[in-house]
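Student: I have a model open and want to go through it with you. Can you take me through the helices, the aromatic rings and the charged pairs?

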Amino acid sequence: MEDMSSTLMSWFSSPVYSRYWQHYQQATAWQQRHRRAYGKALDAARGHAHSRGRDAGGRRQRYADWNPAEGGESSSDDEIECDISNMEISDELRQYFAQTEKHREELKKQQRIEDELHESYVPADRDLRDVSSRSSAAPPSDRPGERRGAEMKKLYGADAAKVLAMEAAMQLSFDRNCDLKQPKYWPVIPLKL
């Protein structure tokens, strides 16, 4: 039994995993340094100058190894400063900010367009003919079919009436078959992965 438990406990100490453990140690060390720096930044932003290792209520601080009153660091971390009073902003940085703002505006515009398209979707359990393309109750401003007739005349010339008649016959046949067979519509679901 001892032999089996030692085998189970030592699989991770195999030389095969040494690179993994090396990376793990580096990542853990980075995380601890980052956590200390973050705590220091928070304390500096709040302006706390408490006694070492204790806060105002006498409770132990989370990062007791750092005292902002000392001005030094107890660990080997580099000093983190954020003094932007004399910072020069280059033209490249301004261009970057302008480009970023332009991208944000484009994304917002595209999101609005997608939202409008999403609102125009018809649920799969509803009939497409029940949804009118016009939402207003006002009468049409021009005669029905006048604009379509002009477009067809422009496209097909003298044969426009013939093409319109074929389209109407096909639409009537489709409507008649839909009325007879009552098909279910295939749902249109956008894939957003």
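**Aromatic rings and charged pairs**

Tutor: Trp21 and Tyr24 are both in helix α2, 3 residues apart, about one turn of the helix. Helices (H or I, at least four residues) and strands (E, at least two) are DSSP runs, numbered from the N terminus. This is a predicted model: local features need pLDDT of at least 70, side-chain atom pairs count only at pLDDT 80 or more, and totals for chains, interfaces and linings use all residues. Residues are numbered from 1 along each chain as its sequence is written, and side-chain values use heavy atoms, with hydrogens and water left out.

Student: How many aromatic pairs are there in the whole structure?

Tutor: The search finds 4 aromatic pairs. Rings of Phe, Tyr and Trp (its six-membered ring) pair if their centres lie within 6.5 Å; planes under 30 degrees apart count as stacked, over 60 as edge-to-face and the rest as tilted.

Student: Why is the pair of Tyr20 and Tyr24 called stacked?

Tutor: Their ring centres are 6.3 Å apart and the planes are at 25 degrees, so the pair is stacked. Tyr20 and Tyr24 both sit in helix α2, 4 residues apart, about one turn of the helix.

Student: And what are the centre distance and plane angle for Trp21 and Tyr24?

Tutor: The centres of those rings are 5.5 Å apart with the planes at 85 degrees, so Trp21 and Tyr24 are edge-to-face. Tyr20, Trp21 and Tyr24 form one aromatic cluster.

Student: How accessible is Trp21?

Tutor: Trp21 has 31% relative accessibility and counts as partly exposed. The classes are buried (under 20% relative accessible area), exposed (over 50%) and partly exposed in between, with a 1.4 Å probe and protein chains only. Tyr20 is partly exposed at 47%, and Tyr24 is partly exposed at 40%.

Student: Which residues make the nonpolar surface patch?

Tutor: Trp11, Phe12, Val16, Tyr17, Tyr20, Trp21 and Tyr24 make a patch of about 740 Å². Patches are made of residues with over 30% relative accessible area and no salt bridge: like charges are joined within 9 Å, nonpolar side chains (Val, Leu, Ile, Met, Phe, Trp, Tyr) within 5 Å.

Student: Where does Tyr17 lie?

Tutor: Tyr17 is in the loop between α1 (2–10) and α2. Tyr17 counts as partly exposed, at 36% relative accessibility.

Student: Back to α2. What should its span be, and what is the distance between its end C-alpha atoms?

Tutor: The 29 residues of helix α2 (residues 18–46) should span 42 Å at 1.5 Å a residue, and the end C-alpha atoms are 42 Å apart, which agrees. The expected span of a helix is 1.5 Å times one less than its number of residues. Gly47 follows α2, and its phi is positive, near 80 degrees.

Student: Which residues of α2 are buried?

Tutor: Ala37, Gly39, Lys40 and Asp43 are buried in α2. Asp43 has 14% relative accessibility.

Student: What does the side chain of Asp43 meet in a salt bridge?

Tutor: Arg46, at 3.8 Å, N to O. A salt bridge is a side-chain nitrogen of Lys or Arg within 4 Å of a carboxyl oxygen of Asp or Glu. Arg46 is exposed, with a relative accessible area of 54%. Both residues lie in α2, 3 residues apart, about one turn of the helix.

Student: How many salt bridges does the whole structure have?

Tutor: The search finds 4 salt bridges. One of them joins Arg104 and Glu101 at 3.4 Å, N to O. Arg104 and Glu101 are 3 residues apart in helix α3 (residues 91–119), about one helical turn.

Student: How close are the N and O atoms of Arg148 and Glu167?

Tutor: The closest N and O atoms of that salt bridge are 2.6 Å apart. The pair links distant parts of the chain, with Arg148 in helix α4 (residues 146–156) and Glu167 in helix α5 (residues 160–181), 19 residues apart. Arg148 is partly exposed at 38%, as is Glu167 at 35%.

Student: Last topic, the overall picture. How many helices and strands are there?

Tutor: There are 5 helices and 0 strands. Of the 193 residues of the protein, 8% count as buried.

Conventions: Areas by Shrake-Rupley, 256 points an atom, 1.4 Å probe, with all protein chains shown as cover.
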